[in-house]
Amino acid sequence: MNNEPYSRLPGLEAIYLEDSWVLSIEVTPERVEFQLEAVLLRHHPEYRPPEPGEAHCYRPATLTFGDVSGVEWSAMRPPAVDAAGEIDYGNIDSLTRSGEHYDLEGDWGEMRVQARTLGFALRSLLGSWQPGEENENAYCRVCGYEPPEPPWGDSGVDPLWESCPCCGVEYGYQDATAEGVLRFRARWLNAGAQWADPSIPEDGLTTGMRLRRVPNPLE
């Protein structure tokens with residue numbers, strides 16, 4: 001069976017992975033997730049002109065291999081650390097499919113994933129919350145952690161002015177705008193998404209599980 005390039009796979013026809021940045025890689029028994037700053041090509045419906053100083057249109061996105069039955073991560077290489085101390089996983093240099101086998105390669109190593117599904121989804125500025133869902137104010141806007149009290153109060157406009165034990169953002173300060181949330185989240189993910197406050201026990205969730213519940217985009 002011939003290997004299909006990713007450009008022929010559903011959902012990836014207008015994505016350029018070679019210049020997309022890998023923010024984190026998460027492998028669980030059920031799925032493999034790559035959090036990306038993805039490059040959208042001009043024929044993508046969400047394409048916008050690049051920001052000043054940028055060469056491409058970047059959008060936060062998740063590449064998910066689901067219903068996984070096998071993962072081989074060979075030639076695993078630790079991410080680079082740049083001058084600012086941030087972790088750099090590089091790009092996905094190649095992705096091909098042969099049946100239910102996917103072969104990937106990048107600065108982070110080589111991976112073969114056996115999975116029944118492959119999904120690519122753009123993330124909204126502050127995540128995937130949709131109007132009408134309950135508890136939209138219960139989670140951290142940056143990482144999706146659920147503290148004992150809503151980070152911005154029950155009303156969503158009265159921040160606690162405390163630091164998130166998971167990502168370290170100060171509620172009401174760095175998370176007050178969409179741009180601030182994106183900037184802080186990217187920096188936290190690039191640094192390895194480490195738990196920020198060792199004095200508070202972790203909640204037992206993975207980074208990907210938390211990110212899937214971040215709240216409503218700011219108006």
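**Close-up views of a predicted model**

View 1. The largest cavity has a volume of about 40 Å³. The structure, a predicted model, holds 1 cavity of 30 Å³ or more. The residues that line the largest cavity are Leu23, Glu37, Pro60, Arg123, Leu182, Arg185, Ala186 and Leu189. Helix H1, which spans residues 178–190, gives the most to this lining, contributing 4 residues. Sorted by class, the lining comprises 5 nonpolar and 3 charged residues, with no polar residue.

**View 2. Cysteine 140, cysteine 143 and cysteine 166.** A search of the whole structure finds 0 disulfides. Cysteine 140 takes part in no disulfide, and the nearest cysteine sulfur, that of cysteine 143, lies 3.7 Å away. For cysteine 166, likewise in no disulfide, the nearest cysteine sulfur is that of cysteine 143, at 3.7 Å. Because a disulfide requires cysteine sulfur atoms within 2.5 Å, neither the 3.7 Å separation at cysteine 140 nor the 3.7 Å separation at cysteine 166 qualifies. Cysteine 140 is buried, because its relative accessible area is 0%. Cysteine 166 also counts as buried, because its relative accessibility is 1%.

View 3. An open sheet is formed by 7 strands in the order E1-E7-E8-E9-E4-E3-E2, and the pairing is antiparallel. At its edges are strand E1 (4–5) and strand E2 (15–27), each of which pairs on one side only. Strands of a sheet pair through backbone hydrogen bonds, in either a parallel or an antiparallel manner.

**View 4. The pairing of strands E7 and E8.** Strand E7 (residues 92–98) and strand E8 (residues 101–106) run antiparallel and are joined by 6 bridges. Among the bridge partners is the pair formed by threonine 96 and aspartate 103, the latter located in E8.

View 5. Arginine 77 is placed in the loop between strand E4 (57–74) and strand E5 (80–81). This residue counts as partly exposed because its relative accessibility is 36%, a value between the limits of 20% for buried and 50% for exposed. When residues up to four places away in sequence are not counted, arginine 77 touches Gly106, Asp107, Trp108 and Gly109. The C-alpha atoms of arginine 77 and glutamate 110 are separated by 8.9 Å, although the two residues are 33 residues apart along the chain.

Note on methods:
Residues numbered from 1 in each chain as written. Predicted model: local features only at pLDDT ≥ 70, side-chain atom pairs only at ≥ 80, totals over all residues. Heavy atoms only, no water. Helix = DSSP H or I, 4+ residues; strand = E, 2+ residues; numbered from the N terminus. Buried < 20%, exposed > 50% of the residue type's maximum accessible area, 1.4 Å probe, protein only. Contact = heavy atoms within 4.5 Å. Pairing = 2+ DSSP bridges. 1 Å grid on protein atoms, 1.4 Å probe; cavity = no way out; pocket = protein on both sides within 12 Å on 5 of 7 lines; lining within 4 Å. Points joined across faces, edges and corners; volume = space filled by probe spheres on them. Nonpolar A, V, L, I, M, F, W, Y, C, P; charged D, E, K, R; others polar.
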